[in-house]
Amino acid sequence: MKRQLGLIALVAVMFAAFDIAVYNIFTKRYINNTNPEMQAKSIELSKYLPFDENSGIVKIDSAAKLGGKLPVIDGAAALYPVFSGFVNAVYPSDSVFFDGENFTDESALHYTNTRGAYSAIVDGTADVIFCAAPSREQLEYAEQNSVELELVPIGREAFVFIVNKNNPVDDLAVEQVKGIYSGEIKKWSEVGGENRYIDALQRNAGSGSQSQMLAFMDAPMKRSLTGIFGSAIGFSFRYYVEGIVENSDVKMLSLNGVYPSPENIADESYPLVSSFYAVYRKDDDNPNIPVLIDWILSDEGQRIVEESGYAALK
C-alpha cells in the first residue's frame, strides 16, 4: 500500500511539474493579464472619455466649436486618447453617448480599432478615422467598393520592438530585426544575447502594427517552431507600449543604436518613424470635415497630439 501511495504521489508530482513547464514555456507569454476591458478592446475606453473630469485625455477648451452635421469619428486603439481629445475640444458635450462598455449608434465618437475603422469609413458609418496607413487588403476593400480615401498626416510615431525586461539585448540593427522575422536569425546568441531561440511574435492581420510591420519587411515573415521554447520579441507603436499598456515586464529596444525617445522621434534620428493619419472619403461632402482637419493641423490640434505623447508635425 505504501508503495502504491508513493507511486501515485510521484505521478501527481510529475503531472504538476509538466503543467508548470507547459505554462512557463507556452501559456504564460500568451496570457493577457490586463483587466477585461483592456483584453476586449486593447484599451480602456472609460479611462479616456471626452467631457469627463477624470479622463486621461489632453483637455483644451477651444473656441473652434463644431455645429450642425458632426463628422462621426473612429480609429485605432493607440490613437483613441488623441481623437477623444479632439472631440473634447471642439464637439458639443451632448454628441457623445457611452453606455459603460461601448459608444452607442447615435454617438459622434466611436471606437472599433484599426480594422473596424477602415471598414467603417468604406461602408459609410464613419466620416473621419485616425489610424496608421492602411494595409493592402484595406486598400483593396476600398477599391472594390469604389471608394477613394484621402490620408492627411496629423502626427508622427515610432514603430518599436519589445522584449522581456530581463533579455540582455538592448539594441538591434534594422537588418538584424529583418533577419529575425524572416527566419534567418533563430537564436538570441546571434545578435549578442543568450543561447536561446527567438520567438518572433506577430499581431492580428489588418491591425495598424501588423500593417506597419509588413511594410517594413523586405521578405515574407516566418515564425520558427523552435521559438516557443525560447524568448519572444514583438512589435507595436511606442505610445501604445509606454503610455497605454504600461507593462513593466517589457522593454523597448534601440535600433541602430538610437532609442525611440520623443526627442529622437521628433528629429527622426530613430530609424522607424512614420506618420499617422486622419482618413476620410473623397466623396464625403460633410462641410465640417475640412474644418475639423484644419483645426487638427492648427497649434491647438497639434498641442493635443504632442501632449498626448506623440510627435507633432511642427
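This is a short tour of the aromatic rings in a predicted model, with a few stops to select along the way.

Start with the whole structure: searching it turns up 16 aromatic pairs.

**Stop one.** Select phenylalanine 159 and phenylalanine 161. Their rings sit edge-to-face, with 5.5 Å centre to centre and 80° between the planes. Now colour by accessibility. Phenylalanine 159 has a relative accessible area of 1%, so it counts as buried, the cut-off being under 20%. Phenylalanine 161 is buried too, at 0%.

**Stop two.** Next, pick phenylalanine 276 and tyrosine 310. This is an edge-to-face pair, 5.0 Å centre to centre with 65° between the planes. It links distant parts of the chain: phenylalanine 276 belongs to strand β9 (residues 273–281), while tyrosine 310 is in the segment after α11 (299–307), 34 residues apart. Buried or exposed, what is phenylalanine 276? Its relative accessibility is 4%, which makes it buried. Tyrosine 310, at 6%, is buried as well.

**Stop three.** Select Tyr48, Tyr80, Phe83, Phe86, Phe98, Phe103, Tyr111, Phe130 and Trp295 together: they form one aromatic cluster.

**Stop four.** Finish with two lysines. Which ring does lysine 178 lie over? Select phenylalanine 216 and you'll find lysine 178 over its face, 5.1 Å from the ring centre. Then jump to tyrosine 197, where lysine 187 lies over the face of the ring at 4.9 Å from its centre.

Technical notes: Residues are numbered from 1 along each chain as its sequence is written. This is a predicted model: local features need pLDDT of at least 70, side-chain atom pairs count only at pLDDT 80 or more; totals for chains, interfaces and linings use all residues. Side-chain values use heavy atoms; hydrogens and water are left out. Rings of Phe, Tyr and Trp (its six-membered ring) pair if their centres lie within 6.5 Å; planes under 30 degrees apart count as stacked, over 60 as edge-to-face and the rest as tilted. Buried means under 20% relative accessible area, exposed over 50%, partly exposed in between (1.4 Å probe, protein chains only). Helices (H or I, at least four residues) and strands (E, at least two) are DSSP runs, numbered from the N terminus. A charge sits over a ring if NZ of Lys or CZ of Arg is within 6 Å of the ring centre and within 35 degrees of the ring normal.
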